[in-house]
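Subject: Structure handover

Hello,

Here is the structure for you to open alongside this note. Please keep it on screen while you read.

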Amino acid sequence: MKTYTLIRLDIQSPNNSQWVSINDSGEFLDSVSKGNISEIDIGNKQNSVIVILPGEEIHHAVLTLPIKSEKKLIKAIPYAMEDRLADEIDKTHFVHKRLSNDLIQICAINKSKLKAFLKTLKSNNIHASAITSDTLCVPKIEKTITLLIDSSRIHINNGFDKVFTFESIDIIDAVNIVNKDNNIRDIQIFINKEDENLLYKFD
């Protein structure tokens with residue numbers, strides 16, 4: 001059975017990074033550790049490492065692009081995303097995944113920020129086998145808004161093809177933004193025990 005180490009980076013507060021070992025079934029093998037990534041032990045570093053970046057640093061999109069050739073798709077994605085980004089496309093790193101023939105999931109991150117993340121990992125002798133965002137870690141349940149509440153940050157999967165990360169926003173406002181078409185039946189919430197008082201807003 002293969003063992004993985006999940007590392008969730010917090011660049012703004014380096015001492016608030018988190019890591020845990022899991023097996024290939026997704027079961028936790030120990031409790032979640034919290035601290036500076038320099039404190040991660042050698043055993044965890046030797047596992048296959050999956051790094052989770054802050055969702056607010058990454059622009060997520062799902063676009064319909066009827067392009068069969070991967071080479072042509074790679075060239076087309078930056079221009080398809082250009083109007084959605086604050087940064088210029090030549091300063092942005094893009095990755096994508098085909099969800100179906102024409103439906104493409106895209107993540108875009110500023111190249112300088114990505115370079116800084118990778119430098120932090122390298123300086124701590126951590127070699128990632130995969131990198132994702134915490135926004136994409138929220139499970140997708142059809143026609144259900146799923147929220148992961150993490151202090152002042154709210155990560156959301158709308159149950160269709162969109163994910164969101166909000167900072168310093170009211171939970172009800174976040175749900176209303178995501179469900180502006182009123183086509184969601186259910187809401188599922190994952191929340192830290194320290195933030196349970198936020199749930200009283202739904203009473």
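Of the 203 residues in the protein, 35% count as buried. Buried means under 20% relative accessible area, exposed means over 50%, and partly exposed is in between (1.4 Å probe, protein chains only). This is a predicted model, in which local features need pLDDT of at least 70, side-chain atom pairs count only at pLDDT 80 or more, and totals for chains, interfaces and linings use all residues. Residues are numbered from 1 along each chain as its sequence is written, and side-chain values use heavy atoms, with hydrogens and water left out.

**Overall fold**

The protein has four helices and twelve strands. These are DSSP runs, numbered from the N terminus: helices are H or I with at least four residues, strands are E with at least two. The radius of gyration is 18 Å, close to the 17 Å from the globule rule for 203 residues, so the protein is as compact as a globular protein of that length. That radius is taken over C-alpha atoms, and the rule is 2.2 Å times the number of residues to the power 0.38. The C-alpha trace spans about 50 × 45 × 35 Å along its principal axes.

Now the contacts, meaning heavy atoms within 4.5 Å. Among those between residues at least 6 apart in sequence, 50% join residues at least 24 apart.

**The aromatic pair**

The structure holds one aromatic pair. The ring centres of F164 and F166 are 5.9 Å apart and the planes sit at 5 degrees, so the pair is stacked. For the cut-offs: rings of Phe, Tyr and Trp (its six-membered ring) pair if their centres lie within 6.5 Å; planes under 30 degrees apart are stacked, over 60 edge-to-face, and the rest tilted. F164 is partly exposed, at 21% relative accessibility. F166 is buried, at 14%.

**Two residues to look at**

Start with S17. It lies in strand β2 (residues 17–23). At 2% relative accessibility, S17 counts as buried. Leaving out residues up to four places away in sequence, S17 touches R8, L9, D10, S33, K34, G35 and I37.

Then go to E56. This residue is in the loop between β4 (48–53) and β5 (58–64). E56 counts as partly exposed, at 28% relative accessibility. With residues up to four places away in sequence not counted, E56 touches R153, T165 and E167. E56 and K2 are 54 residues apart in sequence and 30 Å apart in space, C-alpha to C-alpha.

Best wishes
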